[in-house]
Amino acid sequence: LSDYGIDSLLGFLKACFLHKFTVTLLFQIKAFDLEQSLQEVTERYEKETQKRRALHNSLVELRGNIRVHCRIRPLLPFDTAAGQRNFSDEVAYAADDETVLVKCSRPGHAPINKTFQFERVYSASESQDTVFADVAPLLTSLLDGYNVCIMAYGQTGSGKTYTMLGPQPEENFAFAIEDESELGIIPRATQEVFRLISEKPPGSYWVEVSVVEVYNNEIFDLLAKDSCGKVFGVKRDVVTTREGKSDVPLLTHETVENASEFLHLVNKGLQLRVKHPTLVHAHSSRSHLVVTLTITTVVSGDNFGKENKSTSSSRASSPAQLEATEKMKQVKTRLQLVDLAGSECVGMSGATGAALRETSFINRSLSALADVLGAIAEQRSHVPYRNSKLTHLLQDSVGGDAKLLVMLCISPTQKYLTESMQSLGFGTRAQQVQRGQGKKKNFPVLSKAK
Ligand SMILES: Nc1ncnc2c1ncn2[C@@H]1O[C@H](COP(=O)(O)OP(=O)(O)OP(=O)(O)O)[C@@H](O)[C@H]1O
């Protein structure tokens with residue numbers, strides 16, 4: 001190569017290098033710009049979503065609508081049953097955080113491509129933390145004087161107990177206390193209630209808990225104790241008081257002073273809850289569970305405070321002690337946490353004998369719940385609360401002034417398509433029910449603690 005040839009080759013290579021360098025640099029600048037504008041758009045979108053949610057919440061509040069959230073559980077090993085082709089195909093998805101998409105085409109059936117909108121939709125990967133973060137604001141309302149009810153509804157095996165309590169050990173119902181991140185709404189809500197109480201200005205609060213199971217249309221008190229102090233389920237009845245409220249006479253209400261006392265107590269009651277294997281999974285709850293926290297706010301009078309030996313300044317040491325104190329004013333608010341038994345198509349359940357009886361009681365009580373919501377939605381003069389013990393027990397939460405959140409739980413697979421569509425239909429109807437604005441209990445003006 002002549003000198004001239006080498007020079008021009010070097011020049012050419014240099015030009016190529018410079019060109020490549022310039023192009024890379026331009027790309028990098030462009031990518032940086034794009035990244036920045038994407039970030040800006042995302043931030044703006046999140047702000048708008050928050051604003052829209054806040055507006056939606058106010059609207060729901062004003063109309064007294066029932067809030068409905070929907071959680072789609074992940075695919076699990078028991079979904080893939082041998083010999084059932086296509087049954088484990090996923091057909092229900094979270095299209096976004098407010099939309100469920102059900103998409104399915106089966107030979108011999110019309111294809112389904114349907115969306116359902118709810119206040120919040122959780123995809124299979126969303127954690128217990130995320131679910132609870134959306135529920136927690138309702139608990140603030142509880143201490144502001146509103147009754148609150150959170151109810152999990154869905155087909156057998158769709159994740160109701162997981163969502164409400166957390167994953168369950170083989171032998172018993174219990175809170176998996178070892179792994180806090182897996183705890184469900186009930187234990188977290190209790191922790192939150194005690195945290196909120198600890199932040200309150202002087203006044204007095206105490207928390208009582210009751211645990212009830214509705215099994216085969218009978219109510220059982222799961223905290224009742226025998227003469228040796230051992231818990232055993234005692235049958236109770238539900239009545240309507242003169243004020244038109246539902247009440248369970250003789251129901252055990254235990255005072256708890258903190259969340260771990262609550263967990264310990266409720267765990268004992270949960271051991272009595274009926275569960276049997278079903279064709280869906282081995283540890284199916286065959287009863288509706290209702291855990292109620294009653295929060296009594298006591299505004300101290302002249303004598304109160306002198307007798308309060310509690311370690312916490314904002315809490316009374318016992319209800320009995322408080323009842324003995326004169327010049328007190330009390331306001332009671334109630335948090336009802338409900339893990340409904342699983343809805344099921346009787347034909348699908350494969351149940352016979354006693355199990356079939358259980359299944360039909362579960363289905364009857366759930367359709368009584370749907371009938372009650374239908375009657376409220378149509379503003380009928382008669383709402384058939386007394387058609388089942390479940391609806392009679394939940395009367396004040398469903399039809400009364402409570403803020404009600406229905407947590408729909410959905411199995412993602414084709415096998416449970418019919419049940420999932422039924423649950424999604426239930427949720428859609430529930431969120432259209434308007435009951436008038438949630439009513440706040442008026443707190444008496446707090447007098448300064450002495
Ligand atoms: N989001 C989830 N992530 C992980 N596992 C889950 C989830 N939801 C449910 N599961 C598991 O699926 C199984 C069935 O769930 P779960 O018992 O909560 O259903 P269920 O709706 O309460 O059923 P049933 O009405 O029969 O009692 C359990 O083993 C549970 O741990």
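User: Helices (H or I, at least four residues) and strands (E, at least two) are DSSP runs, numbered from the N terminus. In which strand does V214 lie?
Analyst: This is a predicted model, in which local features need pLDDT of at least 70 and side-chain atom pairs count only at pLDDT 80 or more, while totals for chains, interfaces and linings use all residues. Residues are numbered from 1 along each chain as its sequence is written. On that numbering, V214 belongs to strand 7.

User: Is V214 buried or exposed?
Analyst: A residue is buried if 20 or more other C-beta atoms lie within 10 Å of its own, exposed if 12 or fewer, and partly exposed in between, with C-beta atoms placed from the backbone. For V214 the count within 10 Å is 26 other C-beta atoms, so this residue is buried.

User: Which residues does V214 touch, not counting those up to four places away in sequence?
Analyst: Contact requires C-beta atoms, placed from the backbone, to lie within 7 Å. A separate C-alpha distance, from V214 to R273, is 9.4 Å across 59 residues of chain. By the contact criterion, V214 touches I219, S287, H288, S365, K389, L390 and L393.

User: In which loop is G157 found?
Analyst: UniProt, in an unreviewed entry, places a "binding site" at G154, Q155, T156, G157, S158, G159, K160 and T161. UniProt positions follow the numbering used here, feature names are shortened, and annotations may be inferred rather than shown by experiment. G157 counts as buried because 26 C-beta neighbours fall inside 10 Å. The loop that holds G157 runs between strand 6 (148–154) and helix 3 (160–164).

User: Which residues is G159 in contact with, leaving aside neighbours within four places in sequence?
Analyst: G159 also lies in the loop between strand 6 and helix 3. With 22 C-beta neighbours inside 10 Å, G159 is therefore classed as buried. Its contacts are R71, R73, G154 and C409.

User: What is the phi of N216?
Analyst: Most residues other than glycine have a negative phi. N216 sits in the loop between strand 7 (204–215) and strand 8 (218–221), and is partly exposed because 17 other C-beta atoms lie within 10 Å. Its phi is positive, in a residue other than glycine, and near 45 degrees.

User: Is L250 buried or exposed?
Analyst: L250 is in the loop between strand 11 (246–247) and strand 12 (254–256). Its phi is positive, near 70 degrees. It has 9 C-beta neighbours inside 10 Å, so L250 counts as exposed.

User: How far apart are the end C-alpha atoms of helix 8?
Analyst: The expected span of a helix is 1.5 Å times one less than its number of residues. Helix 8 (residues 353–377) has 25 residues and should therefore span 36 Å, which agrees with the distance between its end C-alpha atoms, 36 Å.

User: What phi does Q379 have?
Analyst: Residues buried in helix 8 include F361, I362, L366 and L369. Q379 follows helix 8 and has a positive phi, near 50 degrees.

User: Which residues of helix 11 meet helix 8?
Analyst: The axes, lines fitted to C-alpha atoms over the stretch in contact, with angles from 0 to 180 degrees between N-to-C directions, come within 9 Å for helix 8 and helix 11 (residues 417–432) and cross at roughly 35 degrees. From helix 8, the residues involved are A370, L373 and A377. On the helix 11 side they are F426, R429, A430 and Q432.

User: How many nonpolar residues does the contact of helix 8 with helix 11 have?
Analyst: Ala, Val, Leu, Ile, Met, Phe, Trp, Tyr, Cys and Pro count as nonpolar, Asp, Glu, Lys and Arg as charged, and the others, Gly among them, as polar. Besides one polar and one charged residue, the nonpolar residues in this contact number five.

User: How far is L18 from V231, C-alpha to C-alpha?
Analyst: L18 is part of helix 1 (residues 3–63). It is exposed because 10 other C-beta atoms lie within 10 Å. V231 is 213 residues away along the chain, and the C-alpha separation is 82 Å.

User: Which residues does D396 touch, not counting those up to four places away in sequence?
Analyst: D396 lies in helix 10 (residues 395–398) and is partly exposed, given 18 other C-beta atoms within 10 Å. The residues it touches are K245, S246 and A402.

How values were computed. Contact = placed C-beta atoms within 7 Å.
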